[in-house]
Amino acid sequence: MRSYRVKEIWKTLQGEGFFAGRPAVFVRFVGCNLWSGRDEDRARDARRTGADCPRWCDTDFRKEGSRAYTADELVAAMQEVGGPIQFCVLTGGEPLLQLDAALMRALKAAGYFVAIETNGTISLREACTDPETGQVVAPDWIVCSPKLPEDRLALEYFDELKLVVPDYRPEQYARFARRARPHRVGGRRIPLLWLQPEDGPRLAEAQRCAVELALAHPDWRVSVQTHKILGVP
Ligand SMILES: C[S@@+](CC[C@H](N)C(=O)[O-])C[C@H]1O[C@@H](n2cnc3c(N)ncnc32)[C@H](O)[C@@H]1O
Ligand SMILES: Nc1nc2[nH]cc(C(=O)O)c2c(=O)[nH]1
Ligand code: SF4
Ligand SMILES: [Mg+2]
C-alpha cells in the first residue's frame with residue numbers, strides 16, 4: 001500500500017494569507033524539488049534550479065525524524081493531533097511531490113477542508129488524478145508561492161498567489177496571476193495576491209519592499225507571517 005513521508009503533524013494557527021488566524025492541522029511532507037534541505041547545498045541548489053528560495057527557505061523538510069504513513073494512518077494521526085479542527089494545511093517541502101487522489105479522498109471522507117501550499121512547479125491534474133476513474137480529486141484551497149519564472153510553472157489554477165519579496169515581484173507573474181480562481185466579497189471580485197517579506201537577515205529591507213510594492217500595486221496586499229509574531233509553530 002502507498003505511503004506518504006511526513007516530517008511533522010502539528011496543531012497551530014494558519015499564519016499566512018487569507019486564512020491567517022484560523023486554527024489548522026498542518027502536515028509537513030518531506031522533500032522538495034528545488035532544494036535538498038541541507039544548509040551546505042543552499043547556494044548550489046539555487047544555481048542548479050534557478051530558484052532563489054533555497055538561499056532563504058525557513059523550513060526543515062528533511063527525511064531525518066520523519067515517518068511514513070498510509071492515507072488512513074495519516075488521517076488518524078491528524079485527528080489525534082487536531083481534535084475537532086477540520087481545516088488542514090498540506091505543506092512541505094513540496095507537498096505535490098506526494099499528494100495524490102487516494103490521500104485527498106481519505107482527507108475529504110474525514111471531513112477536512114484541505115488547503116495546500118505549493119511552489120507551482122507541479123501540475124495538480126497530474127498529481128491528483130485518480131488512475132481508476134480519471135477524476136481529479138483536488139484540494140479545496142490552493143496557495144501558490146512561485147519560485148521559478150511563470151513560463152516554467154505547471155500549476156493549472158490557484159486561490160491565493162503569494163510572492164516572497166524582494167526576490168519575487170508582481171511584474172514577473174502578471175500572466176500567471178490570471179490563473180487565479182475568482183473570489184467575491186460584497187459582489188466584487190477580490191484578488192488574493194500577497195507580498196510576503198522574506199524572513200531572515202534581510203527582513204527589515206524585505207518589509208519595506210513589501211509595503212512599497214503594495215502601495216504601487218493596489219491589488220496586492222502584504223502578508224505578515226503572524227505565527228512568528230505570536231510565537232506559535
Ligand atoms: C516552506 S514553503 C513550503 C511549500 C512550497 N514548497 C512553497 O514554496 O510554497 C511554505 C511557505 O513559506 C514561504 N517561505 C519560505 N521561506 C520563507 C522566508 N524565509 N520568509 C518568508 N516566507 C518564506 C514560502 O514562500 C511558502 O509560501
Ligand atoms: N503557523 C504556520 N502557518 C503557515 N502557513 C504556511 C506555512 C508553511 O510553512 O507552509 C506555515 C507555517 O509553517 N506555520
Ligand atoms: S520555499 Fe518551498 S520550494 Fe523553496 S526550498 Fe522551501 S520548501 Fe522548497
Ligand atoms: Mg512555514
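**Labels and their grounds**

Modeller: Start with the shell around ligand 1: four nonpolar, nine polar and seven charged residues. Keep in mind that this is a predicted model.

Colleague: Which residues are closest to ligand 1?

Modeller: Asp58, Thr59, Asn119, Ser145 and Asp199 are the closest, out of 20 that surround ligand 1. Two elements, β5 (113-118) and β7 (160-165), each give two or more residues to that shell.

Colleague: What makes a residue count as part of a shell?

Modeller: Its C-beta atom must lie within 6 Å of the molecule. By that cut-off, 13 residues are around ligand 3. Cys32, Trp35, Cys53, Cys57 and Asn119 come nearest.

Colleague: How does the shell around ligand 3 divide by class?

Modeller: Seven residues are nonpolar, four are polar and two are charged.

Colleague: Now the annotated positions. Where does UniProt place the feature "binding site"?

Modeller: The unreviewed entry lists Leu13, Gln14, Gly15, Arg28, Thr91 and Pro233. They are spread over 221 residues of sequence, yet they cluster in space. The largest C-alpha distance is 14.5 Å.

Colleague: Take glycine 15. Why is glycine 15 called buried?

Modeller: Glycine 15 has 22 C-beta neighbours inside 10 Å. The cut-off is 20 or more. Therefore glycine 15 counts as buried.

Colleague: Where is glycine 15 found, and which residues does glycine 15 touch?

Modeller: Glycine 15 is in the loop between β1 (4-13) and β2 (23-29). Leaving out residues up to four places away in sequence, glycine 15 touches Ala20, Gln225, Thr226, His227 and Lys228.

Colleague: And why is proline 233 called partly exposed?

Modeller: Proline 233 has 13, so proline 233 is partly exposed. Proline 233 is in the segment after α6 (226-230). With residues up to four places away in sequence not counted, proline 233 touches Trp10, Thr12 and His227.

Colleague: Last, the largest nonpolar core. How many residues does it have, and which have the most contacts inside it?

Modeller: The core has 53 residues. Cys88, Leu90, Leu99, Val114 and Leu163 have the most contacts inside it. Its largest share, five residues, comes from β2.

Colleague: Which residues does cysteine 88 touch?

Modeller: Again without residues up to four places away in sequence, cysteine 88 touches Ala24, Val25, Val27, Met78, Leu107, Tyr112, Val114 and Ala115.

Methods:
Residues numbered from 1 in each chain as written. Chains lettered and ligands numbered in written order. Predicted model: local features only at pLDDT ≥ 70, side-chain atom pairs only at ≥ 80, totals over all residues. Nonpolar A, V, L, I, M, F, W, Y, C, P; charged D, E, K, R; others polar. Helix = DSSP H or I, 4+ residues; strand = E, 2+ residues; numbered from the N terminus. UniProt positions renumbered as here; feature names shortened; annotations may be inferred. Buried ≥ 20, exposed ≤ 12 C-beta atoms within 10 Å, placed from the backbone. Contact = placed C-beta atoms within 7 Å. Core = buried A, V, L, I, M, F, W, Y, C linked by C-beta atoms within 7 Å.
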